Amino acid sequence: MAKKKEKEAIFTPIGIENGKNGQVEKSVDLPDPTDKSHKDLGLSDDDVINMFEQMFLQRRFEERAMQMYQKGKFGGFLHLYIGQEAVSTGTVHALNDDDDIITAYRDHGWGLMRGVSAKEGMAELYGKATGCSKGKGGSMHFANVEQHFWGGYGIVGGHIPIGGGLAFANKYQENNRVTATFFGDGAVDQGALHETLNMSQLWKLPCIYVVENNGYSMGTAARRHTVNEIHERAKGYGMKSAVFNGMDALTVYENMKEIADEVRKDSMPWFVEIRTYRYRGHSMSDPQKYRTKEELEQYQKVDPVERMKTYLLDNKIAKKKDIEKIQERIEDEVLEAIDFAEESDFPGDEALYEDMFADTPHFHDRK
Amino acid sequence: MAELQFREAIRDAMDEEMARDEKVFLMGEEVAEYNGAYKVSEGLLDKYGFKRVIDTPISELGFAGIGVGAAMNGLRPIVEFMTFNFAVLAADQIINHASKARYMLGGQLNTPIVFRGPNASAGQLGATHSVAYDSMYAQFPGLSVIYPSEPDDAKGLLKSAIRNDDAVLFMESEQMYGMKGEVSDEEDYIIPIGKGKIKREGDDVTVVATGKMYHIAKQAANQLAKDGVEVEIIDPRTIKPLDIELIVESIKKTNRCVIVDESHPFGGLASEVGFLIQREAFDYLDAPVRRVTLPDVNAPFSKPLFDLWLPDAKQVIDAVNTVTYRN
């Protein structure tokens, strides 16, 4: 056996295995949530009840999807958004309905917030013809372009310049739409982001680039894959930036609304870090050995769905009975979505060659 | 017919399409204030202004992706690469996004975008500036790949490419920009993508060549004609979709074929055409199909080595002599 040198060269900072013996070292520090009430923020009681419903739907949709995946009902990847629902929910409420949204492959919540029904979403996971992307995309490629949700994309960082391009087209067409481009902390390390930030600032593109910092780039903690504070990268581009709590939908709403209003006014881009937490593994095959149970539990204490529920109850916006009713209704909606997905047909063989071309189709050497 | 340089034919095609459709714009390195690294876009900034002729930083991945997003969201970008050798940095956008987004979202969006610029080698520029990428991109479903050889083809095909609702790669050559040729002055001159052309008629052997290699094939054909060998040159003009029918028809007449391809030998246009010919015209062949390609070696700088590396008329003549059993 080779003798271990006393000072061996080390490159990537060492993770949990050699770390602090179970002591919680949080991968992201959460900034304080807003202390404003929904009324202070201009939201009605119905708005916040709606937010709760939407967050609960995203949560239950994915929990059920996970069960179905584990039962072997469908294959492929399944990247769960669980824990991050306040980000999609607060953002979609803050933006106009015709503002453009694009994200990476952790996209179910975004689809559900932008008009993909639970049925269409579940059917897409099952690879059925009735899915939002006709079963051609699966979990990573939810989309509803009609409602300005341009989809989930599978190459880390690859959709960031595309988000810039959506904003470019909006500026070109002078339609006053804002684009919000979402990606994970892992994508911060991709060159595509930096090229896009530079051009966006230079060309004054009306785009908000948002890092959903959930603490992990797959299994690599943020402190092990990237240097310094993520939001501070904006400084290098002279870009406006913000960092805020992503476990509270009202905080996300407040910040995203202010930012979107400003972008609409001056057409200057923003770089935003929203700190959140991913409860589940990167995908379904992830044993999650890179973090402690204690760390996960700490974040679950500030669960965005529970938080909103408590808010509704504490402020007497809804009674316990009302909440239960909502939960039951959504539970049914998700179960119906599973039935729908199971009963739907797979795409027919002819679908293999469909949707490739908008113009004259051409397939080399098609039999 | 007007006699135009290759660059002028390309410029005219862009000019006409920009005049026709407000949504068409040009972006790339040095396309605006510098008037184009190879003067292809000269004058377009003056005519269309800074909104529609846009200088980009040297960020191929970034601006190619911005182009893809703009195409999805209603515009028709022409993205110029200073050469397709640099577009390798943008390959993720071309291969993973422009060609796939529509399919993977079940047809919810379109990507009407043209990526254009010079392809392959242009003299002694070393290994990283000398690669032909047409066959590589033709590998990917969803992309059309055009590599014209003459100004007339360039004009008609680029106009088609800009109007196409899907992603098209349009390849040029630094060494051909100054080359002159008759260009149709037909109003709104369009050549459909996917149609090859018989550029020279002959009964003895079919030579398939496009882009810069067409001119090598033509030199060889002129030389061979002096020896009484009449070459039929088929220029597919577009690598994909490939007009294999036109090639097969010609072989039924000549019974012999040589393919001249500027790519390296593995899995290029020559391999694909060769395969299809053996399947579609097996009974018509009087000799095995031959090809002239780059060797499986990187581009050298040194002049004698470079000349050895690049296909030339002599190699084409040798191949023709082989398939006609004149060697």
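**Exercise 1. How do helix 6 of chain A and helix 3 of chain B pack, and at what angle?**

Solution. 
- Start with the geometry. In this predicted model, helix 6 of chain A (residues 191–203) packs with helix 3 of chain B at an angle of about 70°. Their axes are 8 Å apart.
- Now classify the angle. Angles of 65 to 115 degrees count as roughly perpendicular. Helix 6 of chain A and helix 3 of chain B are therefore roughly perpendicular to each other.

**Exercise 2. Which residues of helix 6 of chain A meet which residues of helix 3 of chain B?**

Solution. 
- Take chain A. Helix 6 brings Gly191(A), Ala192(A), Glu195(A), Thr196(A) and Met199(A).
- Take chain B. Helix 3 answers with Leu61(B), Gly62(B), Phe63(B), Gly65(B) and Ile66(B).
- Sort this contact by class. Five residues are nonpolar, four are polar and one is charged.
- Consider the spacing. An α-helix has 3.6 residues a turn, so residues three or four places apart point the same way.

**Exercise 3. What span should helix 3 of chain B have, and how far apart are its end C-alpha atoms?**

Solution. 
- Count first. Helix 3 of chain B has 13 residues.
- The rule is 1.5 Å times one less than the number of residues.
- Check the surroundings. In helix 3 of chain B, 13 of 13 residues are buried, and the helix is mostly covered.
- Look past the end. Just after this helix, Gly74(B) takes a positive phi of about 105°.

**Exercise 4. Which element of chain B supplies the largest share of the side that touches chain A?**

Solution. 
- The contact joins 38 residues of chain B with 35 residues of chain A.
- List contributors. Helix 3 (60–72), helix 4 (91–98) and helix 5 (101–104) of chain B each give at least two residues to this side.
- Helix 3 of chain B supplies the largest share, 10 residues.
- Sort by class. The side of chain B that touches chain A holds 15 nonpolar, 17 polar and six charged residues.

**Exercise 5. What radius of gyration would a compact globule of 327 residues have, and what does chain B have?**

Solution. 
- Begin with the expectation. A compact globule of 327 residues would have a radius of gyration near 20 Å.
- Compare chain B. Its value is 20 Å, which agrees.
- The C-alpha atoms of chain B fill roughly 60 × 45 × 40 Å along the principal axes.
- Of the 327 residues of chain B, 59% count as buried.
- Finish with the parts. Chain B has 12 helices and 14 strands.

Terms used
Residues are numbered from 1 along each chain as its sequence is written. Chains are lettered from A and ligands numbered from 1 in the order in which they are written. This is a predicted model: local features need pLDDT of at least 70, side-chain atom pairs count only at pLDDT 80 or more; totals for chains, interfaces and linings use all residues. Two residues are in contact if their C-beta atoms, placed from the backbone, lie within 7 Å. Helices (H or I, at least four residues) and strands (E, at least two) are DSSP runs, numbered from the N terminus. Ala, Val, Leu, Ile, Met, Phe, Trp, Tyr, Cys and Pro count as nonpolar, Asp, Glu, Lys and Arg as charged, and the others, Gly among them, as polar. The radius of gyration is taken over C-alpha atoms; the globule rule is 2.2 Å times the number of residues to the power 0.38. A residue is buried if 20 or more other C-beta atoms lie within 10 Å of its own, exposed if 12 or fewer, and partly exposed in between; C-beta atoms are placed from the backbone. Axes are lines fitted to C-alpha atoms, for helices over the stretch in contact, and angles run from 0 to 180 degrees between N-to-C directions. Angles under 35 degrees count as roughly parallel, over 145 as roughly antiparallel, 65 to 115 as roughly perpendicular and the rest as oblique.
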